[in-house]
Amino acid sequence: MKIVLDTNVLAAGLLSPFGPCGEIVRMLSSGEVTLALDARILTEYQEVLARPKFKFDQDKVAAILDLIEHRGVITAASPLIKPLPDSEDEPFLEVAVSAQVACLVTGNQVHFPAEFCQGVTVLSPTGFLMFYRQHITNRQADG
C-alpha cells in the first residue's frame, strides 16, 4: 500500500516504537507500506530527525532515511489547485495527489482541510491502522 507519511508521524514512531506511529514505522521497515515522496519531503525528514531535541542516534536515522529513499516512490508533484493554509504542508498533499496514494497519514489532520485535499484521504496514525487492517481483511476475503 502506497502512502504519504507526514514528518510528525515518522518522528513520533521513532520516539515511541510501541504506539501507533511506531507500528507504522515498522510497517515501513518491513515493506508492508511504501512511501511516496519527493526531494522536499526527504529533506524535511532529514532536517527534523537531525534536531538535537530528539536525541536520535544519527546512524539509525541514516539507516531509516536510506531505507525510505531506496524503497520509496519518488514522485514529481504538481502544485495544488488550492493552496493549504500552511504552505509547509503542501509538499505532502502535492505528492499524495500526484502519486495517487491510498492516504496521507498525519498527526495534524486539521492542517489538511478536506476542501483542499482533492479527494485524498487524510488519516491519523490510529485511523490509518484501522483502514489498513480493514483493507487486508477485505483482500483476504476476496482472495
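Cys 117 is buried, its relative accessible area being 3% (buried means under 20% relative accessible area, exposed over 50% and partly exposed in between, with a 1.4 Å probe and protein chains only). The structure is a predicted model, in which local features need pLDDT of at least 70 and side-chain atom pairs count only at pLDDT 80 or more, while totals for chains, interfaces and linings use all residues. Residues are numbered from 1 along each chain as its sequence is written, and side-chain values rest on heavy atoms, with hydrogens and water left out.

To stay with the cysteines for a moment, Cys 103 is likewise buried, at a relative accessible area of 0%. With a disulfide taken as a pair of cysteine sulfur atoms within 2.5 Å, the count comes to 0 disulfides. Cys 103 takes part in none, since the nearest cysteine sulfur, that of Cys 117, lies 12 Å away. Seen from Cys 117, the closest cysteine sulfur is that of Cys 103, and the 12 Å between them is too far for a bond.

The sheet comes next. Helices (H or I, at least four residues) and strands (E, at least two) are DSSP runs, numbered from the N terminus, and two strands pair if DSSP finds at least two bridges between them. On these terms, 5 strands make up an open sheet with parallel pairing, in the order 3-2-1-4-5. Strand 3 (73-74) and strand 5 are the edge strands, each pairing on one side only. Strand 1 and strand 2 run parallel and are joined by 2 bridges, with Ile 3 opposite Leu 35 in strand 2. Strand 2 (residues 34-37) is also joined to strand 3 by 2 bridges, again running parallel, and here Ala 36 stands opposite Val 73.

Helix 3 (residues 39-49) has a clear buried side. Ile 41, Leu 42, Tyr 45, Val 48 and Leu 49 are its buried residues. They lie on the same side of helix 3 because they cover an arc of only 135° around the axis, the arc being that of the directions from the helix axis to the C-beta atoms. The face turned away from this side carries the exposed residues Ala 39 and Glu 47. Among the elements covering the buried residues are strand 1 (2-5), helix 1 (7-15), strand 2, helix 4 (58-71) and helix 5 (90-99).

Beyond residues up to four places away in sequence, the contacts of Phe 128 (heavy atoms within 4.5 Å) include Met 1, Ile 3, Cys 103 and Leu 123.

Two polar residues are buried as well. Thr 106 sits in the loop between strand 4 (103-105) and strand 5 (122-123) and counts as buried at 0% relative accessibility. Its side chain makes a polar contact of 3.5 Å with that of Asn 8 and reaches the backbone nitrogen of Asn 108 at 2.9 Å. A polar contact is a pair of N or O atoms within 3.5 Å; within protein, one must be able to donate a hydrogen and the other to accept it, and residues adjacent in sequence count only if both atoms are side-chain atoms. Glu 94, placed in helix 5, is buried with a relative accessible area of 7%. Leaving aside neighbours within four places in sequence, Glu 94 is in contact with Arg 40, Ala 77, Ser 78, Pro 79 and Leu 80.
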